[in-house]
Amino acid sequence: MRKRSSRYMVIPLSYLAAVAALFVPWVLHAQPAESIWSGSYTEAQAERGAEDYRAHCASCHGANLRGDSHAAGLVGMGFMFLWEGKSLGELYSKIRNDMPLDQPRSLTKGSYEDILAFILKSNEFPVGDAELESDEKALDKLMITSRPN
Ligand code: HEC
């Protein structure tokens, strides 16, 4: 009877493992580096944003962010209907360039980021370790999705 050696099985498997290992960095790299679902703002930032929101946005969009017959709601299904699939960069530009409607671009830049953090918090997007910054390229990469993708 011929003796079957397992050597021929073992070598290709270890090659396979080595080849697979080569692809690991590539696969990790291919995934979106950041997501709105891995946390894009901090709690403290959202708290500052809540104050600024009250001072500069609530008169039209409502203290509960639900909006009214003129101004769109900034939470919940209505908000997701308008913003799902768009980037945080687009939302940031809209707020920074057009809001408050009666005095566009009147807030300090930091305040716009803080308010955006507050809007994210109000929509129950997760808190992260770093503050949201006005880096438009980075914000353009963060997509608004209703579930982690
Ligand atoms: C004087 C009233 C008024 C104030 C104050 C105001 N808004 Fe608005 N906002 C509106 C109206 C009206 C619209 C709808 C028309 C438009 O999109 O330009 C709107 C639209 C928006 C939109 C787009 C709506 C959507 O979901 O498509 C966002 C986001 C927004 N406002 C955020 C803010 C934020 C944040 C502030 C505070 C910095 C603010 N607004 C202050 C009246 C106001």
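Let's start at the ligand: a polar side-chain atom of K94 lies 3.0 Å from one of the ligand's oxygen atoms. This is a predicted model, in which local features need pLDDT of at least 70 and side-chain atom pairs count only at pLDDT 80 or more, while totals for chains, interfaces and linings use all residues. Residues are numbered from 1 along each chain as its sequence is written, and side-chain values use heavy atoms, with hydrogens and water left out.

| Residue | Ligand atom | Distance |
|---|---|---|
| H61 | nitrogen | 2.7 Å |
| W83 | oxygen | 2.7 Å |

Which protein atoms are donors of the ligand's iron atom? They are NE2 of H61 and SD of M99, 2.0 to 2.2 Å from the iron. This pair links distant parts of the chain, 38 residues apart: H61 sits in helix α3, and M99 in the loop between α5 (88-98) and α6. Donors are N, O and S atoms within 2.8 Å of the metal (3.2 Å for Na, K and Ca). H61 is buried, with a relative accessible area of 11%; buried means under 20% (1.4 Å probe, protein chains only).

Helix α2 has buried residues too: Q45, A46, G49, A50, D52 and Y53. What covers them includes α3 (58-61) and α6 (109-122).

Notes:
Buried < 20%, exposed > 50% of the residue type's maximum accessible area, 1.4 Å probe, protein only. Helix = DSSP H or I, 4+ residues; strand = E, 2+ residues; numbered from the N terminus. Contact = heavy atoms within 4.5 Å. Polar contact = N/O pair within 3.5 Å; in protein donor to acceptor, adjacent residues only side chain to side chain.
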